[in-house]
Amino acid sequence: MDTQEVIRKQVTDNPVVLYMKGTPDAPMCGFSAAAVQILEACGADNVATVNVLADNDIRQGIKEFSQWPTIPQLYVNGEFIGGADIMREMYQSGELHKLFQK
Amino acid sequence: MLTPETVKSYIKESLACDHVEVVGDGQHFEAVIVSPEFRDKNRVQQHQIVYRALGDRMREEIHALSMRTLTPEQWAEQ
């Protein structure tokens, strides 16, 4: 399976996927740390996280996948939602909470 | 070291903007960008327009860029 297929499978097999630098307990970048905090504040559970620092193919491939050059990247139900700035804006406007309402 | 002024000029030379503000410390930059190109685009598409305008510079020179993208109409309401 090539990297693009691996990513497609990750974002479709899991309802919420965050590609980040580091892990939720030990984020390696301020933007990734902020993304984790925002998801927690929204009450998002079952968040699958992918540490791009542990896999260089994914780290490069995810940028191609979304035509988006930066990490973190949030996917909900297979759809690319945005990076750290967009997550923050959507959190502040209440839009992000709605994505996680059951 | 990359200055906010340089980042601002990169954005302005490749994207038709009504207004650009950039602040930063050489590593992390924050930009407010107002462009008519953002009309009828969602936020992801708006940021993609800026990333495309910056091209390779986004990969090679700019470590981190936070941005707020606004249409001229949204900017006028601020």
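Lys and Arg count as positive and Asp and Glu as negative, while His and the chain ends are not counted. The legends below use this convention and describe a predicted model.

**Figure 1. Chain A, overall view.** Chain A contains 5 helices and 4 strands. Starting at the N terminus, these elements are arranged as α-β-α-β-α-β-β-α-α. The radius of gyration of chain A is 13 Å, which agrees with the value near 13 Å that a compact globule of 102 residues would have. The C-alpha trace of chain A spans about 35 × 25 × 20 Å along its principal axes. Of the 102 residues in chain A, 43% count as buried. Among the contacts in chain A with a separation of 6 or more, 60% come from residues 24 or more positions apart.

**Figure 2. Surface and charges of chain A.** Chain A carries 8 positive and 13 negative side chains. The centres of these two sets lie 3 Å apart.

**Figure 3. The loop between H3 and S3 of chain A.** Two residues are picked out in this view. A:Gln67 is in the loop between H3 and S3 of chain A. The phi of A:Gln67 is near 55 degrees, a positive value in a residue other than glycine. A:Gln67 counts as exposed, because its relative accessibility is 54% and the cut-off for exposed is over 50%. A:Pro72 is also placed in the loop, between helix H3 (56-66) and strand S3 (73-76) of chain A. The peptide bond that joins A:Ile71 and A:Pro72 is cis, with omega at about 10 degrees.

Figure 4. Helix H4 of chain A covers residues 84-93. Which residues of this helix are buried? They are A:Ala84, A:Asp85, A:Ile86, A:Met87 and A:Met90. An α-helix has 3.6 residues a turn, so residues three or four places apart point the same way. A:Gly94 follows H4(A), and the phi of A:Gly94 is positive, near 85 degrees.

Figure 5. A disulfide is a covalent bond between the sulfur atoms of two cysteines. For a pair to be counted here, the two sulfur atoms must lie within 2.5 Å. The closest cysteine sulfur to that of A:Cys42 belongs to A:Cys29 and is 19 Å away, too far for a bond. A:Cys42 is buried, and its relative accessible area is 11%.

**Figure 6. Chain B, overall view.** Chain B contains 4 helices and 3 strands. Along the sequence, the elements of chain B follow the pattern α-β-β-α-α-β-α. The radius of gyration of chain B is 12 Å, close to the 12 Å that the globule rule gives for 78 residues, so chain B is as compact as a globular protein of that length. Along the principal axes, the C-alpha trace of chain B spans about 35 × 20 × 20 Å. Buried residues make up 42% of the 78 in chain B. Of the contacts in chain B with a separation of 6 or more, 49% are accounted for by residues 24 or more positions apart.

**Figure 7. Surface and charges of chain B.** The accessible surface of chain B comes to about 4,400 Å², and 43% of it belongs to carbon and sulfur atoms. There are 9 positive and 13 negative side chains in chain B. The centres of the positive and negative sets lie 4 Å apart.

**Figure 8. B:Asp40 in the loop between S2 and H2.** B:Asp40 lies in the loop between strand S2 (28-34) and helix H2 (43-54) of chain B. Although B:Asp40 is not a glycine, its phi is positive, at about 60 degrees. Is B:Asp40 buried or exposed? With a relative accessibility of 82%, B:Asp40 counts as exposed.

Figure 9. B:Thr71 is in the loop between strand S3 (64-70) and helix H4 (72-77) of chain B. B:Thr71 counts as buried because its relative accessibility is 9%, and the cut-off for buried is under 20%. Leaving aside residues up to four places away in sequence, B:Thr71 touches B:Val34, B:Ser35, B:Phe38, B:Arg39 and B:Gln46.

Key
Residues numbered from 1 in each chain as written. Chains lettered and ligands numbered in written order. Predicted model: local features only at pLDDT ≥ 70, side-chain atom pairs only at ≥ 80, totals over all residues. Heavy atoms only, no water. Helix = DSSP H or I, 4+ residues; strand = E, 2+ residues; numbered from the N terminus. Rg over C-alpha atoms; globule rule 2.2 N^0.38 Å. Buried < 20%, exposed > 50% of the residue type's maximum accessible area, 1.4 Å probe, protein only. Contact = heavy atoms within 4.5 Å. Areas by Shrake-Rupley, 256 points an atom, 1.4 Å probe, with all protein chains shown as cover. Charge placed at Lys NZ, Arg CZ, Asp CG, Glu CD.
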